[in-house]
Amino acid sequence: MNKNINTVVIGGGCLGCASAISTQRRLRKLYGIDDKQVCVIEKSMIGSGLTARHSGIVRAANAIPKAAKLAKISIDYWKNLPEIWGVSCDFDANGALWIAHDTKHGKNEKWAKLSHSLKKLNIAFNEIDKNQAREICGNTIKFHDEEIYYYEPGAIQFDPSIVRDALFNALNRNNIETHEQVSVEGFISDDNGHIKTVLTSAGDINCEHVVNAAGPWSPALFDALGIFIPVSTEKVNVVNWLTSQIDINVNMPIIADYTNLAYYRVWHNGEIHMHQPRHRNIRETARIFSEHPLNITGADFVNEPSNQYLGYGDIRVYEEIAKKRFENIEKAVYGSGYHSYFDITPDLKFILGQDKTVGNLFHCLGSGQAFKYSPVFGEIIADCITGEGKHLNDIEEFSISRFDAEYMKYFWDQVSGVDNTLETETISL
Ligand SMILES: Cc1cc2nc3c(=O)[nH]c(=O)nc-3n(C[C@H](O)[C@H](O)[C@H](O)COP(=O)(O)OP(=O)(O)OC[C@H]3O[C@@H](n4cnc5c(N)ncnc54)[C@H](O)[C@@H]3O)c2cc1C
């Protein structure tokens, strides 16, 4: 292992790999620094954390304009991956159909506003009628009254196993020192509070910069340095339904069904993949944080097989939801399923950029929807480390500084404050 290095990236998920690849390429481009100036330390294997369980969906529509802007840039980067990572990765350009409740005379004001704000960012997200939706999706999809439809033609989808291969290839191609089965165990700081040495299970590494891409493991890891990282995990089920390839349109767009709260996509073999979205309710999010204090327990339970098993009831619930959308689900066969985990923050936005106390530490954490942002987040970390680049003005909203004492008090009041006392609970019974 190299004992002196420019940047240590902790975590070999999609965000850690992307950060390492972009930083290595940038250092080489700006300063002509030799290869092997960036290393990735991964305690398990590349792509074995949350990155092993995503759905491969890359869409730009997002109610947070800065997040939508970054997602759009990311789609462009994914399409031009050889320029960003030096390798390519195949994808399907099937677009995405969004389904919402008709809240008033064939309209949904919130979604109309979203469409309008996305238009300003040059993201096509246009209302279409039922016939157009049917034309795009094929006739196995059920459409109902009191629904409205939006189409995002620019959405793309990946096969996660191909992405994992691309991550490996890009690390190799860019000569990034990659250490699997090596765990970061602690840090030594200098007099300015900067991290000067990263302590690992395979020896110490002196460095100039550290990137935290340890996802839900980061609260426990950085607790020792007194850094509070508000990330927790929200459990979600995933089911793949086997369908007949005669029955299903394998070019079906991604379906984001907000009437039944389910995302669907089709794998190349005709399996329908489904899972539910994150809870969007702050009270529910706060409850999850109170039940999963990861700074104490860590996140190793994510890879524990007994935590990944789906029960009969879980599968039946998904079957009922899927039947509302797919004609052929009566005949579909349960293919596979598992529990998975979204990485969540109190406001469900990601954490990006410089730490508020440790000047040479940079966070790259996803918040439940990060795969899609991998190439742009990698470029952002390279911008932060080198202090130059085009994305630095887009990340203030996602700084870890926002989680100050005042915000956290407001957040915790959602589970333990006046709105949630036994008296108010009993009144609502
Ligand atoms: C069901 C489901 C579907 C999803 N679908 C999508 C989707 O379609 N599109 C999308 O954009 N997002 C999706 N996501 C979200 C996405 O999976 C995650 O946001 C993303 O994978 C997070 O990547 P990461 O690199 O931050 O984390 P991880 O992949 O978890 O990487 C963190 C790594 O850090 C390592 N690590 C931890 N501690 C240490 C240590 N001390 N030393 C060394 N290494 C350490 C871990 O082993 C791990 O490999 C989905 C999530 C779920 C649950």
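S367 lies in the loop that connects β18 (361-365) with α11 (374-386); helices (H or I, at least four residues) and strands (E, at least two) are DSSP runs, numbered from the N terminus. The model is a predicted one, in which local features need pLDDT of at least 70, side-chain atom pairs count only at pLDDT 80 or more, and totals for chains, interfaces and linings use all residues. Residues are numbered from 1 along each chain as its sequence is written, and side-chain values use heavy atoms, with hydrogens and water left out.

**Loop residues with positive phi**

Most residues other than glycine have a negative phi. S367, although not a glycine, has a positive phi of about 65°. With a relative accessibility of 2%, S367 counts as buried, where buried means under 20% relative accessible area, exposed over 50%, and partly exposed in between (1.4 Å probe, protein chains only). H105 is another residue other than glycine with a positive phi, near 45°. H105 belongs to the loop between β4 (96-101) and α4 (109-120). Its relative accessible area is 76%, so H105 is exposed.

**The ligand and its shell**

The ligand is surrounded by 36 residues, and the closest are E42, L50, T51, I57 and K372; a residue is near a molecule if one of its heavy atoms lies within 4 Å of it. By class, the shell around the ligand holds 18 nonpolar, 13 polar and 5 charged residues. In this division, Ala, Val, Leu, Ile, Met, Phe, Trp, Tyr, Cys and Pro count as nonpolar, Asp, Glu, Lys and Arg as charged, and the others, Gly among them, as polar.

| Protein atom | Ligand atom | Separation |
|---|---|---|
| C14, backbone N or O | oxygen | 3.2 Å |
| V184, polar backbone atom | nitrogen | 2.9 Å |
| F371, polar backbone atom | oxygen | 3.1 Å |

Taken alone, the ligand exposes 1000 Å², of which the protein buries 98%; accessible areas come from the Shrake-Rupley method with a 1.4 Å probe, and for residues only the protein chains shown count as cover. Two or more residues of the shell around the ligand come from each of the elements α1 (14-31), β2 (38-42), β12 (232-242) and β16 (333-344). The largest share, 4 residues, is that of β16. At the level of domains, whose bounds come from an automatic or database domain assignment, the shell draws at least three residues from domain 1 (4-86 + 160-227 + 347-398) and at least three from domain 2 (96-155 + 233-344).

**Helices**

Helix α1 contains S19. A polar atom of the S19 side chain is 2.8 Å from the backbone oxygen of L15. S19 counts as buried, at 0% relative accessibility.

The N-terminal end of helix α5 (residues 130-137) is capped by D129, with a side-chain oxygen 3.1 Å from the backbone nitrogen of N131. Just after α5, G138 adopts a positive phi of about 95°.

R283 is part of helix α8 (residues 282-291). At 36% relative accessibility, R283 counts as partly exposed. R283 and A332, 49 residues apart in sequence, are 36 Å apart in space from C-alpha to C-alpha.

**Further loop positions**

F350 occupies the loop between β16 and β17 (351-354), and it is buried, with a relative accessible area of 1%. A52 is situated in the loop between β2 and β3 (57-58). A52 counts as partly exposed at 45% relative accessibility. Its C-alpha atom is 22 Å from that of A96, 44 residues away along the chain.

**Overall architecture**

The protein has 13 helices and 18 strands. Its radius of gyration is 22 Å, close to the 22 Å that the globule rule gives for 429 residues, so the protein is as compact as a globular protein of that length. The radius of gyration is taken over C-alpha atoms, and the globule rule is 2.2 Å times the number of residues to the power 0.38. Along the principal axes, the C-alpha atoms fill a box of roughly 65 × 55 × 45 Å. Of the 429 residues, 56% are buried.

Definitions and conventions. Polar contact = N/O pair within 3.5 Å; in protein donor to acceptor, adjacent residues only side chain to side chain.
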